[in-house]
Amino acid sequence: MNLALELILLLLTLPLIYHSVHKYGGERTYIFWSAGLVFGITREFTLSSIAGLYHFHDFLFVVRELPLIYMVFWTNMAYIAWQWSNNLLDRDYFASSSFDQHQPLIFLILVFISFMIETAFSQYGMITWNVDSVKMLWENTPLLSPFAYGFSGSLFLKGLKIMSKHEGSPLVRRVWNTSIIQPVLILVLMGLLLLTNTSIVLFFS
Amino acid sequence: MIRSLLFHYIPYGVIDVLLTVIIIAEIVQKRGELIWSNVPLLVLGIISLNRKLKREADESGP
């Protein structure tokens with residue numbers, strides 16, 4: 001089952017890239033997935049290896065202790081949340097004003113995605129969380145987990161939206177610019193997770 | 001028309017494939033108590049796709 005889940009998560013990238021290329025063109029697709037690659041690697045390395053929030057087990061495709069799926073996982077999920085929110089609101093997130101309904105919708109979609117994915121991951125022992133939480137959703141998956149998904153997708157798309165304002169510059173520069181802001185987004189994510197976990201602990205204690 | 005429908009369905013189809021696999025796995029593993037976790041995403045996906053298709057139908061006219 002672990003192999004099937006990993007293969008499906010990797011292969012589902014292809015139809016999403018096809019969709020993105022036909023809708024937004026090759027350049028934007030390239031920027032989106034290359035930024036997602038940096039985001040995914042930085043996020044998982046920071047949260048699992050440095051912060052020790054969770055550990056990976058029984059992943060079959062692993063590169064330097066990091067499951068291969070995370071090179072495309074966050075990009076795929078953020079792209080899906082972006083498209084769903086666009087269709088729900090009938091306008092593009094990247095063309096909308098700074099504060100609108102897209103952000104909470106993207107957050108909500110990613111929270112629902114976390115319910116689906118994390119049950120599968122915990123069921124097959126692929127992720128073990130190490131958070132001291134008084135409230136568990138199921139097995140050892142803490143209440144923090146859906147927030148981690150929601151914040152990750154929202155921050156990743158927000159970063160891309162900010163960088164999309166420089167669309168006139170050369171492709172290499174845009175790819176570079178979107179890639180170097182990803183570690184900053186991860187720092188913001190860590191701060192948000194710390195605040196959320198503290199709030200959860202205070203609320204349920 | 002069918003091509004356009006299939007194209008719009010791609011971001012939903014990806015999730016449907018995952019949902020199907022995960023629900024089947026939960027049934028096989030006899031973890032019926034976890035099936036609820038797939039329902040919110042399924043409902044939101046149906047609402048979002050329905051809005052998109054309605055708009056497409058309105059734009060293409062009678």
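This is a predicted model: local features need pLDDT of at least 70, side-chain atom pairs count only at pLDDT 80 or more; totals for chains, interfaces and linings use all residues.
Figure 1. A:His102 stands 40 residues away from A:Pro142 in sequence, and the two C-alpha atoms are 26 Å apart in space.

**Figure 2. Helix α5 of chain A.** Helix α5(A) runs through residues 102–123 and has 22 residues; from the first C-alpha to the last it reaches 32 Å, close to the 32 Å expected at 1.5 Å a residue. The helix is mostly covered, with 20 of its 22 residues buried. Just after α5(A), A:Gly125 takes a positive phi of about 65°.

**Figure 3. The largest nonpolar core.** This core has 62 residues, and those with the most contacts inside it are A:Ala81, A:Ile109, A:Leu110 and A:Ile113. Two or more residues each are given by α1, α3 (26–50), α4, α5, β4 (127–129), α6 (144–163) and α8 (182–204) of chain A, together with α1 (2–28) of chain B. The largest share of the core, 14 residues, comes from α5(A). Leaving aside residues up to four places away in sequence, A:Ile113 touches A:Met77, A:Tyr149 and B:Leu41.

**Figure 4. The side of chain A that touches chain B.** In this view 24 residues of chain A are in contact with 24 residues of chain B. On the side of chain A, the elements that give two or more residues are α1 (2–11), α2 (13–24), α4 (73–89) and α5, and the largest share, 8 residues, is that of α5(A). By residue class, this side of chain A divides into 17 nonpolar, 6 polar and 1 charged.

Figure 5. Chain A has 8 helices and 6 strands, which follow one another along the sequence in the pattern α-α-α-β-β-β-α-α-β-β-β-α-α-α. For its 205 residues a compact globule would have a radius of gyration near 17 Å, and the 17 Å of chain A agrees with this; the C-alpha atoms fill a box of roughly 50 × 35 × 30 Å along the principal axes. Of the 205 residues, 43% count as buried, and among contacts with a separation of 6 or more, 71% join residues 24 or more positions apart. The average pLDDT of chain A is 89, and 99% of the residues score at least 70. Among the elements of this chain, strand β5 (residues 136–138) has the lowest mean pLDDT, 79, whereas α2(A) has the highest, 95.

**Figure 6. The two helices of chain B.** Chain B holds 2 helices and 0 strands. Its radius of gyration is 15 Å, well over the 11 Å that the globule rule gives for 62 residues, so chain B is more spread out than a compact globule. Along the principal axes the C-alpha trace of chain B spans about 50 × 20 × 15 Å, and buried residues make up 21% of its 62 residues.

Terms used: Residues are numbered from 1 along each chain as its sequence is written. Chains are lettered from A and ligands numbered from 1 in the order in which they are written. Helices (H or I, at least four residues) and strands (E, at least two) are DSSP runs, numbered from the N terminus. The expected span of a helix is 1.5 Å times one less than its number of residues. A residue is buried if 20 or more other C-beta atoms lie within 10 Å of its own, exposed if 12 or fewer, and partly exposed in between; C-beta atoms are placed from the backbone. Two residues are in contact if their C-beta atoms, placed from the backbone, lie within 7 Å. Ala, Val, Leu, Ile, Met, Phe, Trp, Tyr, Cys and Pro count as nonpolar, Asp, Glu, Lys and Arg as charged, and the others, Gly among them, as polar. pLDDT is the predictor's confidence in each residue, from 0 to 100. A nonpolar core is a set of buried Ala, Val, Leu, Ile, Met, Phe, Trp, Tyr and Cys residues joined through C-beta atoms within 7 Å. The radius of gyration is taken over C-alpha atoms; the globule rule is 2.2 Å times the number of residues to the power 0.38.
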